[in-house]
Amino acid sequence: MGKLVVSITCAKNDPDKATVGMVVANAAVASGQETVVFFSTEGARMGTLGYADDIREEGFKPMKELMDSFVENGGAFWVCTPCYKKRNLPEDKLVPNATLVGGAKLVEILSQGAACVTY
């Protein structure tokens, strides 16, 4: 089983990119890859419970459904701590299976051979 990081750097500011990132993450985890979604910069907002519930990009499943499916299939969310704090987001309101992490955690998984794709 391989490791994959899907880095999502956008949210409602570019719902198309954010949605495609989650579609790719779902495909990866469904195919047996150890998959982490790393939310950073504006994408850190996606780590807040309820934030993504109204994102619906034409031609794709709603974001809430994509995120729920990802977690149900064993995926994990990592939310950039400095990005989250910069935006004054509530640390006690993270989406299920989300963890606040710093850059060192991302570097660790990448140094272990994880591939990374960014949206």
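Predicted model: local features only at pLDDT ≥ 70, side-chain atom pairs only at ≥ 80, totals over all residues.
View 1. Residues are numbered from 1 along each chain as its sequence is written, and side-chain values use heavy atoms, with hydrogens and water left out. Phe39 and Phe77 form a stacked aromatic pair (ring centres within 6.5 Å, planes under 30 degrees apart). Their centres are 5.3 Å apart, with 20° between the planes. Phe39 belongs to strand 2 and Phe77 to strand 3, 38 residues apart; strands are DSSP runs of E, at least two residues, numbered from the N terminus.

**View 2. Phe70 and Phe77 form a tilted aromatic pair.** Ring pairs join Phe39, Phe70 and Phe77 into a cluster.

**View 3. Five strands form an open sheet in the order 4-3-2-1-5, with parallel pairing.** Strands pair if DSSP finds at least two bridges between them. The edge strands, strand 4 (98–101) and strand 5 (115–118), each pair on one side only.

**View 4. Strand 1 (residues 3–8) runs parallel to strand 5, joined by four bridges.** Leu4 stands opposite Ala115 in strand 5.

**View 5. Lys12 lies over the face of Tyr51.** The distance from the ring centre is 4.4 Å; the rule requires NZ of Lys within 6 Å of the ring centre and within 35 degrees of the ring normal.

Note on methods
Phe/Tyr/Trp six-rings, centres within 6.5 Å; stacked < 30°, edge-to-face > 60°.
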